[in-house]
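Thank you for sending this model over. My comments follow as numbered points, to be read alongside the sequence and the structure.

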Amino acid sequence: MLITLTTEPGTIGLIVACALTILVLIGLINRKVSLFSQHILVGITAGYVGAVVWRQVLITRLALFLQEPAAYWYYGVFILIGLALFVRTTPGISGLARIPLILLVSVGAGLALGGTLSGTLLPQTEATIKSLSPDAYGSGLSGTSFALDAVIMILCTISTLAAFHYISLHGRGLPNALERISSGLGRMGKAVIAIVLGALLSGALLTFYTLLLERIDFLTVGIPLIIEQVGL
Amino acid sequence: MTICPFCQASNKPGAEQCKSCGRHLTTMQCPHCGATNSIQDLYCVSCFSLLHPTAETEKALAASPKVISAEPDQTEEKASEPELTDDQTDKQAMHPAAPIEDDFAQEQLPITSISSTEESSWPQLVPSPDDELGNIDDILDINTRTMEQPDSSAPGYRRPTSRENQLARLWQQIGIKHAPMDEGRHNLSESQEKRTTPRQRFLIYILTFALALLPFLTKGQITDALTTDESASGLLASELAIVPTDQPVLISFDYDASYAGELLPVAKNVLNTLVVRQVPVLTMTTRTTAADMSALVLSSLEADTLSVEWTDLGYTPGQTGLRLLAQSWQAAFPLCTTESTQNATQVSRVLVFSDSLETSLAWIELFGSQVDIPIQMVVTERIYPLLLPYEDSGQLDLLVSGVSATPDEESQIRGSDASLFLLVGVLVLAIWGTWTKSHESVGR
């Protein structure tokens, strides 16, 4: 049987994609087989990332700096700082490589800390401060259900925080009562955490199952298309 | 010739089992813990109890005056046994059950002689009278006055005697018992013993594949009958229907190709709707591996993409890029000269397709907290529960998962299929795990 291979990039790409998909799926049974496709994935990803960063980040800033050095002088400084990473293995001046690393870590930590405070901690704390009165959400059954939802949310939040309470207050009277309340809430909080972790695990499994189904869907469509275009 | 220590029958040299009683001639089981020991071992390698009965040991030791006693009257009995060499006598005395031909001690590499100074630095064992170990000093005669003194005329290294080999082996057993090392560890941990075999793993994979193929075989009929959840895709469609056409929509493709199976159908549906409605579209990414994802999606649309104003802003680096984007559009995308993108506030909304929690949080914390623009997210089911609090707090205008928002016409596979067969898969694995556990308990 004469097989006529077309030179269309789409067909070649489809063949390569199907072959690599099959290799990865075979890897579920024999892992050594899928190592080939994994190496291809890692290599192509590294090269692709390098090309994107060079084309869309480095070369654009460098071009601006070269065209108008007075206006974009800071890009030149940043590029010099970035070049300092290359002297990391050079004896004598390897200390210069610490400058970009320190900048990266400090700027990253500052951004993360500021963003967490202004974007997560304060808004999320504010969101948990809700009224427990049904009148605040409207009349009738709807208002009652919203109020019940607020009660559950506040209770889960407090109990989850109590689950991380490890300090024991020894004594009688009020400290002992607080200790018992905190211990009971902590047990409830651990149950809430377990439920959340279960939901996360099921979500992850659902995502991976969807990806597996999509790949099989791709093969069921792609393989007949290849056979049709190749002329088998 | 090897003498069986149990029935005294004569066997061929090197025989592993006695031809008369059938017992092992080279190994024996500990009477206390059942561990397998060499016939030469005096103590069990596992529980360190005395392997040979005390009465027999004492009887054997009594027959060997050189080992257990240094009294001169018993040395005369030794002279009456001229057919045995010194080493053979030692071996027979220490291990009456050991075959004389097994000259393991002579095959060892030479070690330095044990000086009295080195011996005094060893840890001292003081067994109690009830200790099953017995009195080690009495049996092995760890005493400097009975140790062989090194020959001063000999070189620094000499071949150790059998008694020294026995002593070294005993101390090795003590070391293994009290300071176990990897090479001396005989008991596997419980987790290692319960690892699944390759055949069991193969069975799991086959079941997984069978479950994955089942939706194709049934063509979704089972799931259509059991599940009717269309809320997420319907919610997304209603949101897209009210997008104003005079302001651009910023769409960020922040997912890798590996998660395209879940997010690509939703992205195609969203962009197709926007293009049909003639909504200006700006696309960007904060992930290097998703730089060309927008072009890939637009090129696969059924609608006429040439009739819509579409600008690809490109890549901006992660957290820093989003912070810059919230302050100055020009700083985030230096080469972008489109008039409609001079100010981020001109964008009517931001739609993010994300598979990463870090990227999603960066959008909320670094961009959403600085700019008053509604952010809508389509994320993978994997991170969907973690972002729900941000939707409840109002920081996200809309949050849907790719599994639940996948339109029916894009693929035969829908989220309901995956949900149902994930449930079936979990049930199968649970039954399999229960069966395996009960099988193990029966086996024990």
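1. Of the 444 residues of chain B, 32% count as buried, where buried means that 20 or more other C-beta atoms, placed from the backbone, lie within 10 Å of the residue's own. Chain B holds 19 helices and 10 strands, these being DSSP runs numbered from the N terminus (H or I over at least four residues for helices, E over at least two for strands).

2. This is a predicted model, in which local features need pLDDT of at least 70 and side-chain atom pairs count only at pLDDT 80 or more, while totals for chains, interfaces and linings use all residues. Residues are numbered from 1 along each chain as its sequence is written, and chains are lettered from A and ligands numbered from 1 in the order in which they are written.

3. On confidence, chain B averages a pLDDT (the predictor's confidence in each residue, from 0 to 100) of 69, and 55% of its residues score at least 70. Over residues 88-129 of chain B the pLDDT is below 50, although the model gives this stretch 59 contacts beyond near neighbours in sequence; two residues are in contact if their C-beta atoms, placed from the backbone, lie within 7 Å. For the complex, the predictor gives an ipTM of 0.79 and a pTM of 0.60.

4. The sheet of chain B deserves a careful look: 6 strands form an open sheet in the order β7-β6-β5-β8-β9-β10, with parallel pairing, where two strands pair if DSSP finds at least two bridges between them. Its edge strands are β7 and β10 (398-401) of chain B, each of which pairs on one side only. Neighbouring strands are turned by 15° against each other on average, direction ignored.

5. Within that sheet, β5(B) (residues 249-254) pairs in the parallel sense with β8(B) (residues 349-354) over 6 bridges, and 4 bridges join β5(B) to β6(B) (residues 281-285), which also run parallel. B:L250 has B:V350 as its bridge partner in β8(B) and stands opposite B:L282 in β6(B). Because 6 of the 6 residues of β5(B) are buried, this strand is largely enclosed by the rest of the structure. B:V249, B:I251 and B:F253 point one way from β5(B), whereas B:L250, B:S252 and B:D254 point the other way.

6. Turning to the interface, 45 residues of chain B are in contact with 39 residues of chain A. The elements giving two or more residues to this side of chain B include α9 (198-218), α16 (357-368), α17 (384-392) and α19 (415-443).

7. Which residues make the contact of α6(A) with α17(B)? A:A199, A:L200 and A:G203 of α6(A) meet B:Y384, B:P385 and B:L386 of α17(B).

Conventions
Buried ≥ 20, exposed ≤ 12 C-beta atoms within 10 Å, placed from the backbone. Axes fitted to C-alpha atoms, helices over the stretch in contact; angles between N-to-C directions.
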